[in-house]
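Subject: Structure handover

Hello,

Here is the structure for your files. Please open it alongside this message; the notes on what was found follow below.

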Amino acid sequence: MRKSTFILALIPVLGTISSCISDEENLDAVFEQDLQKIEQYIQTVETEYTRRETIGQTGIELLFLTEQVESEELPEVRDTLAVNYTGMLLDGTVFDTSLEQVAQENDVFNPNRTYEPYEVVLGMSNVINGWHWSLSQMKEGEKAIALIPSSYAYGNQSSGPIPANSVLVFELDLVEVRPYQP
């Protein structure tokens, strides 16, 4: 009886101590864990890539699957991009794709949707920030695997089959860049 009373008395004290950890410290800890998960993924990925780029301080890593396109400029904010994509969790579970065959092979096929390149207005569309950052570093015709920390995806919120604090993996194929026409 004394032991359970002691434990019950200890709960508010532990709650007070844990509340002293700021949200920013929690976000920093999750971000560091995400970076570790991304590095582990890169060390074990079996896909051949031609180059690796880190996007600033975001922690987003791009593993390019094609040779660098020399002649094209990077897309700019408000350009319309047509993108084929496959979104996965780190364990390879596919949760969405613009490719019908990939959807069928991974049991995410929806007969009520069209499977075609997804249009994104760079910097404007309602997609995760990790997409805007990743696509801003790709040229038309390039393919890359984007490894996106949770803070640039859905953060501490779950979204459908995506658990909270998930690092996301996107295979991106930038099919077309249409410059902004004011």
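This is a predicted model: local features need pLDDT of at least 70, side-chain atom pairs count only at pLDDT 80 or more; totals for chains, interfaces and linings use all residues.

Residues are numbered from 1 along each chain as its sequence is written, and side-chain values use heavy atoms, with hydrogens and water left out.

Ile145 sits in strand S6 (residues 143-148). Helices (H or I, at least four residues) and strands (E, at least two) are DSSP runs, numbered from the N terminus. Ile145 counts as buried because its relative accessibility is 2%; buried means under 20% relative accessible area, exposed over 50%, and partly exposed in between (1.4 Å probe, protein chains only). Asp173 is 28 residues from Ile145 in sequence, and their C-alpha atoms are 8.9 Å apart.

Leu65 has 30% relative accessibility and so counts as partly exposed. Beyond four places in sequence, Leu65 is in contact with Thr47, Glu48, Tyr49, Thr50, Lys143, Ala144 and Ile145. From Leu65 to Arg51, 14 residues apart along the chain, the C-alpha separation is 7.7 Å.

**Thr80**

Thr80 is in strand S3 (residues 80-89). Is Thr80 buried or exposed? Thr80 is buried, because its relative accessible area is 16%. Leaving out residues up to four places away in sequence, Thr80 touches Glu119, Val120, Val121, Glu176, Val177 and Arg178. Arg178 is 98 residues from Thr80 along the chain, yet their C-alpha atoms are separated by 5.0 Å.

**The chain and one hairpin**

The protein chain has 4 helices and 7 strands, in the order α-α-β-β-β-β-α-β-α-β-β from the N terminus. Of its 182 residues, 38% are buried. Among contacts between residues at least 6 apart in sequence, 62% join residues at least 24 apart.

Strand S1 (residues 51-55) and strand S2 (residues 60-64) run antiparallel and are joined by 5 bridges; two strands pair if DSSP finds at least two bridges between them. Ile55 has Ile60 in S2 as its bridge partner. The hairpin of S1 and S2 has 4 residues between the strands, and Gly56 there takes a positive phi near 50 degrees.

The largest pocket holds about 260 Å³ of space. It has 15 lining residues, and those closest to its centre are Tyr85, Phe95, Asp96, Tyr154 and Phe170. Strand S4 (94-97) and strand S7 (168-178) are the elements that give two or more residues to this lining.

On a 1 Å grid over the protein atoms alone, a pocket is an open set of points where a 1.4 Å probe fits, with protein on both sides within 12 Å along at least five of seven lines; lining residues have an atom within 4 Å of a point. Grid points are joined across faces, edges and corners, and a volume is the space filled by probe spheres set on the points.

The second largest pocket has a volume of about 160 Å³. Its lining includes Glu72, Glu73, Glu140, Val177 and Tyr180.

Regards

Note on methods: Contact means heavy atoms within 4.5 Å.
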